[in-house]
Amino acid sequence: MSVVVASTIKRGSAAGASHGAIYLVDVAKDRVAQVLDWKAGGVNWSIPGGGRGLRGIAFDGQRVFVTVADALFAFTPDFELLAVYRSPYLAKCHDIACFERTLYIVCQGFNAVLGFNLDENRFDRGLHIKRTSGGLQGSPFDPQTAVGPGPGDSLGLNSLWCDSRGMFLCGSGVLGLLLFNASSVERLVTLPRGVHNARPWRDGVLFNDTGAHATRFLTPTANRVFSAPRYPESVLSGAAPGEDDPAGTGDREQQGFVRGLCVLDDSTFVAGSSPATIALHNLDTMKTIKSVTIATDPRQSIHSLAIWPYAVPD
């Protein structure tokens with residue numbers, strides 16, 4: 001089995017406290033190592049989420065890219081900071097993916113995707129997804145100019161996957177998996193509201209059905225469901241129920257919030273949930289192979305998962 005890297009967000013955290021982290025999880029040995037703790041400012045502590053935590057994860061050569069809500073960070077595999085990249089269109093960032101020398105970032109706050117040139121280290125392309133009378137449309141824009149989309153998150157974009165067919169997108173308000181093929185946006189399949197991490201896999205679509213507290217694999221003829229792990233109240237840690245919101249934002253504890261998804265092999269995938277947990281599921285046997293607990297505070301949620309491509313730091 002592989003080592004999985006997980007980013008997390010801690011809901012309801014107060015100013016000065018940790019509100020996210022990066023973990024390496026050896027799923028074969030049930031070993032968890034925290035490699036980065038996030039206490040950075042620049043967060044709107046007065047609203048739920050508020051820019052907390054560490055989000056998308058991607059790799060290019062010896063660079064590890066991680067997004068926060070409004071910036072792209074580059075680290076070494078030992079998590080030494082190399083650079084910070086910003087754009088006015090980076091807002092409410094979610095999934096990221098590298099494809100053909102471009103790193104793509106879902107920017108929910110602008111209903112957009114930004115492209116970061118991995119050779120020139122700059123944002124050089126943008127795609128605004130908007131509703132029209134004829135359906136959804138993708139409009140390119142230059143992120144280096146002020147002539148771009150205005151703020152707005154009506155689509156709730158959060159999912160991104162790229163391959164030779166194009167760019168697959170989804171979000172909590174999209175109600176389907178979209179494919180942008182460089183000329184048009186096509187809805188491939190209808191999905192429920194509140195989806196995270198939707199992507200094509202095998203002959204169907206793999207996604208986190210957050211409202212159902214489950215990960216699902218959907219085809220025209222099958223609907224396979226894997227429920228998120230649940231913990232007895234006696235196991236949970238952190239603030240007591242009703243006292244779990246020190247920032248007063250309404251961001252309270254929630255078990256079984258599913259987010260974060262990656263594929264290990266042709267039959268096995270890894271899904272994340274809260275309290276920060278990753279579960280290995282086998283699609284062919286319809287069995288949950290195992291789960292690994294990272295934290296037992298329900299406010300701490302997985303955001304993104306990826307297969308770690310480097311040696312594990314000491």
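I searched the whole structure, a predicted model, and came away with 13 salt bridges.

**Entry 1: Lysine 92 and aspartate 153.** I began with the salt bridge between lysine 92 and aspartate 153, where the closest N and O atoms lie 2.5 Å apart. I then checked where the partners sit, and the pair turns out to link distant parts of the chain, 61 residues apart. Lysine 92 belongs to the loop between β7 (81–85) and β8 (93–99), while aspartate 153 belongs to the loop between β12 (135–141) and β13 (157–163).

**Entry 2: Arginine 101 and aspartate 119.** Next I looked up arginine 101, which forms a salt bridge with aspartate 119; here the closest N and O atoms are 3.0 Å apart. Arginine 101 has a relative accessible area of 37%, so I noted it as partly exposed. Aspartate 119 reaches 53% and is therefore exposed, since the exposed class starts over 50%.

**Entry 3: Arginine 122 and glutamate 120.** I also noted a salt bridge from arginine 122 to glutamate 120, with 2.5 Å between the closest N and O atoms. Arginine 122 is partly exposed at 32% relative accessible area, and glutamate 120 is partly exposed at 46%.

**Entry 4: The sheet.** Then I turned to the strands. I traced an open sheet of 4 strands in the order β3-β2-β1-β25, with antiparallel pairing. Which strands form the edges? They are β3 (31–38) and β25 (300–307), each of which pairs on one side only. The twist from one strand to the next averages 25°.

**Entry 5: A closer look at β2 and β3.** How many bridges join β2 to β3? I counted 7 between strand β2 (residues 20–26) and β3, and the two run antiparallel. For a landmark in this pairing I picked tyrosine 23, which stands opposite glutamine 34 in β3.

Terms used
Residues are numbered from 1 along each chain as its sequence is written. This is a predicted model: local features need pLDDT of at least 70, side-chain atom pairs count only at pLDDT 80 or more; totals for chains, interfaces and linings use all residues. Side-chain values use heavy atoms; hydrogens and water are left out. Two strands pair if DSSP finds at least two bridges between them. Axes are lines fitted to C-alpha atoms, for helices over the stretch in contact, and angles run from 0 to 180 degrees between N-to-C directions. A salt bridge is a side-chain nitrogen of Lys or Arg within 4 Å of a carboxyl oxygen of Asp or Glu. Buried means under 20% relative accessible area, exposed over 50%, partly exposed in between (1.4 Å probe, protein chains only).
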